Amino acid sequence: MTSILEKSEKPIQNIAVSAASGLICKACGALHPISPAHVCDECFGPLEVTYDFSNLDPVKLKKQIEAGPRDIWRYAPLLPVQPHSRTLSGVGYTPLQRAWNLAAKLGIDELYIKNDAVNPTHSFKDRVVAVALAKALEFGFDTIACASTGNLAGAVAAAGARAGLKTYVFVPASIEPGKILSAAVYGAEIVSVDGTYDEANRLASQVADEYGWGFVNINLRPFYSEGSKTLAYETAEQLGWKLPDHVVAPIASGSLYTKITKGFKELISLGLVADQALPAMSGAQAAGCNPVATAYSNEAGEITPVRNPTTIAHSLAIGSPADGYYSLQIARQTGGIIEQVTDAEIIEAVKLLASTEGIFTEPAGGVTLAVLKKLIKEGKIRRDEKTVVYITGNGYKTQSALEGEYNLPQPITPKLSAFEKLLG
Ligand SMILES: *Cc1c(COP(=O)(O)O)cnc(C)c1O
Ligand SMILES: [Zn+2]
């Protein structure tokens, strides 16, 4: 039994100290100190945060997490930064919805939707931005920025406003009107680039070098991407500290997909779950921007970039994915599949999710769901596999994707007889 005295001797703040110990190069393994750096100075490989978990007791940690705030900061010891009061409230701890109707329709026993469309700016990007922003404040940046396919712009703009920092977002000129508005309303400077996302990103990298701003997905990328691990932690916790058998997640740069995997791995090595094996990690791409899915199906060792993405799933339209290579490895090692779907399949899946589960997702969610549907149909996800699908963005921002799909019916006169005539 824990006495009140014992509890008060161990204030939450003490245990919430981050276990992050440095940055490690994913290519050559060289260790670097924690700093706003994202490439290895020895081999130019990508850096990621590494941790020393040896002082974490799984029983205590689990208790601590369960008593923590109902947002991503309940996992603070496993993140690379202290929670910061100037980040947005209400990020993460989103619902894991048991999808009874959809499961029955698709022919699977146990299906869950991790609904990240309900974050403060309506996409999973609030998670990664919260971590990057807290780190940017710690490093002392006065300007934050990003290159974005749409959702990141909104998340950075809102978080920048809340933190009182100057904010710049670089977007391809083709982004949806709803996403421009969702960034501009927070007062961010919008830099509209006549080119693809990859071109906007290249420009942003030059600006990062030249001006020393904190670009959340460039020089702060090692910290930013750790935010996605919270999706794995929440999934396991919401399943009663168990891992699913199979997951389906979208792939744009591959950051989300690789970090969900890292999150599951950490839970296993920390002993927070009894499982010993990772779930089969399946990935989803749109046929109009399919570099990782193509490499997967061709059994290729390298990713061939897609120069001109053409898909309604703008959020996933990254032709040259930074973590594409690592995503391929994960799919192969875990028995997952990286599959692609057409725009028509995406729209059908958006409608299916809304009409069976009451969740309106943007096309990226349609990509993920359509891939799930395909994998079940082809027997690549079996009926008895406990499956989680990640819905990462909200449909209300991308209403233009469904233009012409629904029209107001002919008005009737406000009379009961007219209504009855309508029923036929
Ligand atoms: C950014 C984004 C993703 C995934 O992006 P990664 O670059 O692969 O991390 C998925 N869905 C939506 C809606 C997004 O905005
Ligand atoms: Zn290196």
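A word on conventions: residues count from 1 along each chain as its sequence is written, while chains are lettered from A and ligands numbered from 1 in written order. Because the model is predicted, local features need pLDDT of at least 70 and side-chain atom pairs pLDDT 80 or more, totals for chains, interfaces and linings use all residues, and side-chain values use heavy atoms, without hydrogens or water.

Let's start with the metal. Which residues coordinate the zinc ion (ligand 2)? Cys25, Cys28, Cys40 and Cys43 do, each through SG, at 2.3 to 2.4 Å; donors are N, O and S atoms within 2.8 Å of the metal (3.2 Å for Na, K and Ca). The angles among the four donor atoms run from 99 to 117 degrees, and the site is tetrahedral, a label that requires all angles between 85 and 135 degrees. Along the sequence, the spacing reads C-x2-C-x11-C-x2-C. Both Cys25 and Cys40 are buried, that is, under 20% relative accessible area with a 1.4 Å probe, protein chains only.

Now, the largest pocket. It holds about 750 Å³ of space. Pockets here are open sets of points on a 1 Å grid, with protein on both sides within 12 Å along at least five of seven lines, for a 1.4 Å probe; lining residues have an atom within 4 Å of a point. Of 31 lining residues, Asn201, Ser320, Pro321, Ala322 and Asp323 are closest to the centre. By class, the lining has 14 nonpolar, nine polar and eight charged residues.

Technical notes
Tetrahedral: all angles 85-135°; square planar, octahedral: opposite > 155°, others 65-115°. Buried < 20%, exposed > 50% of the residue type's maximum accessible area, 1.4 Å probe, protein only. Points joined across faces, edges and corners; volume = space filled by probe spheres on them. Nonpolar A, V, L, I, M, F, W, Y, C, P; charged D, E, K, R; others polar.
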